[in-house]
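Reader: I am new to this structure. Please show me how to read it, one feature at a time.

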Amino acid sequence: MKYITILVILLNFYVHAIKSSNILVFVPSPWKSHIIAFQPLFLELANRGHNVTVISKFTVKDPPPTYTQLVPSYNFDIDGRSDYLFRERSMYYSFIEDPMTRSTILVDTTLMFMSDPVIQKFIKYDQSSFDLVMIESFFQECAVALGHKYGAPVISIVPVTPWISVSRWANNPADLSYIKDFMLDGGKSLTFWERLANSFIGFYSLFVEPITYLPKLENMMNTYFQYPGYENRPTMAEMLKNISLSLIDSDITIFSSRPYVPSFIEVPGIHFRPKKKMDKFYTTCGILRI
Ligand SMILES: *[C@@H]1O[C@H](CO)[C@@H](O)[C@H](O)[C@H]1NC(C)=O
Ligand SMILES: *[C@@H]1O[C@H](CO)[C@@H](O)[C@H](O)[C@H]1NC(C)=O
């Protein structure tokens with residue numbers, strides 16, 4: 001009897017220790033490379049017993065039972081958009097087309113997936129409660145409203161090195177003389193022309209974006225993020241400043257070293273799988289497969 005009492009007391013401690021969370025991962029965008037790099041994190045959270053709901057076009061096969069997937073229905077590449085976005089670019093691109101792309105095609109794309117019927121149904125009618133909301137920081141600032149909807153802290157996943165539009169909300173250092181915009185080539189040192197292009201796009205983000213881009217995203221939030229109680233939410237800027245943590249898929253080996261505020265953490269390579277023993281055939285024959 002005494003042992004049973006001890007066991008029950010011990011169990012009580014453990015029940016607390018394994019209390020799992022309801023986590024929403026809201027990444028309905030068409031950018032596969034952005035999500036793939038973070039999927040192992042979402043899967044691991046589910047493997048450790050958390051209830052993870054992932055909204056994405058890119059599903060995983062045989063997920064753990066606590067991993068729910070919701071797939072938007074839109075078709076991204078109807079007009080050859082990806083060929084346009086991923087073509088080779090000249091320096092001229094940074095000055096003229098890049099700023100235009102950021103406040104036109106990328107905004108239209110966000111509109112495309114936020115207005116998707118599956119996404120709209122979820123935003124309007126989902127009544128789950130989530131303890132944590134993860135969103136993507138890539139031309140979709142309006143998604144931050146979900147933190148308000150569920151009264152939960154927000155983590156942002158940043159799929160590239162953070163540029164001014166992402167850094168500004170957390171006052172993350174973004175010195176234009178050596179901290180590169182994500183659209184510029186990798187490599188460490190900048191030439192004069194690269195520095196000029198970097199400053200140009202930096203000034204665009206600092207001074208033009210608040211007039212051309214951010215109001216579009218705030219409008220999108222007001223139109224497409226309507227759920228019970230949305231009328232009383234803070235402004236988009238206030239909510240973006242309130243993001244608790246940003247996980248960054250970038251690495252010092254690709255871009256130069258740079259300072260970060262404590263809430264910005266680089267997590268490159270979390271998609272790498274643990275190494276396995278080499279096939280016996282190859283080790284005995286001395287063949288190396290590359
Ligand atoms: C887990 O998430 C799914 C999908 O959001 C939900 O239907 C289910 O009720 C959640 N389970 C728990 C135990 O909260
Ligand atoms: C900031 O986030 C916390 C949750 O982490 C929330 O309770 C608070 O209301 C949020 N404030 C604003 C202004 O969004």
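Author: Start with the elements. Helices (H or I, at least four residues) and strands (E, at least two) are DSSP runs, numbered from the N terminus. Methionine 100, for example, lies in helix H6 (residues 97–103). This is a predicted model, in which local features need pLDDT of at least 70 and side-chain atom pairs count only at pLDDT 80 or more, while totals for chains, interfaces and linings use all residues. Residues are numbered from 1 along each chain as its sequence is written, and chains are lettered from A and ligands numbered from 1 in the order in which they are written.

Reader: Is methionine 100 buried, exposed or partly exposed, and why?

Author: Count neighbours. A residue is buried if 20 or more other C-beta atoms lie within 10 Å of its own, exposed if 12 or fewer, and partly exposed in between; C-beta atoms are placed from the backbone. Methionine 100 is partly exposed because 13 other C-beta atoms lie within 10 Å. Its C-alpha atom is separated by 49 Å from that of lysine 277, 177 residues apart along the chain.

Reader: How many helices and strands does the protein have?

Author: There are 14 helices and seven strands. Buried residues make up 31% of the 290 residues. The C-alpha atoms fill a box of roughly 80 × 65 × 40 Å, taken along the principal axes.

Reader: In what order do the strands of the sheet run?

Author: Look for pairing. Two strands pair if DSSP finds at least two bridges between them. Here an open sheet of seven strands has the order S3-S2-S1-S4-S5-S6-S7, with parallel pairing. S3 and strand S7 (264–266) are the edge strands, each pairing on one side only. Neighbouring strands are turned by 20° against each other on average, direction ignored. Such angles use axes, which are lines fitted to C-alpha atoms, for helices over the stretch in contact; angles run from 0 to 180 degrees between N-to-C directions.

Reader: Which strands does S2 pair with?

Author: Strand S1 (residues 22–26) pairs with S2 over five bridges. Strand S3 (residues 67–70) pairs with S2 over four bridges. S2 (residues 51–55) is mostly covered, with four of its five residues buried.

Reader: Which residues of helix H12 are buried?

Author: First the general idea. An α-helix has 3.6 residues a turn, so residues three or four places apart point the same way. In H12 (residues 214–224), Leu217, Met220, Met221 and Tyr224 are buried. They cover an arc of only 100° around the axis, which puts them on the same side of H12; the arc is that of the directions from the helix axis to the C-beta atoms. The face turned away carries the exposed residues Pro215 and Thr223.

Reader: What do the buried residues of H12 pack against?

Author: They pack against helix H7 (105–114), helix H8 (117–125), helix H9 (145–150) and helix H13 (236–241). Contact means that two C-beta atoms, placed from the backbone, lie within 7 Å.
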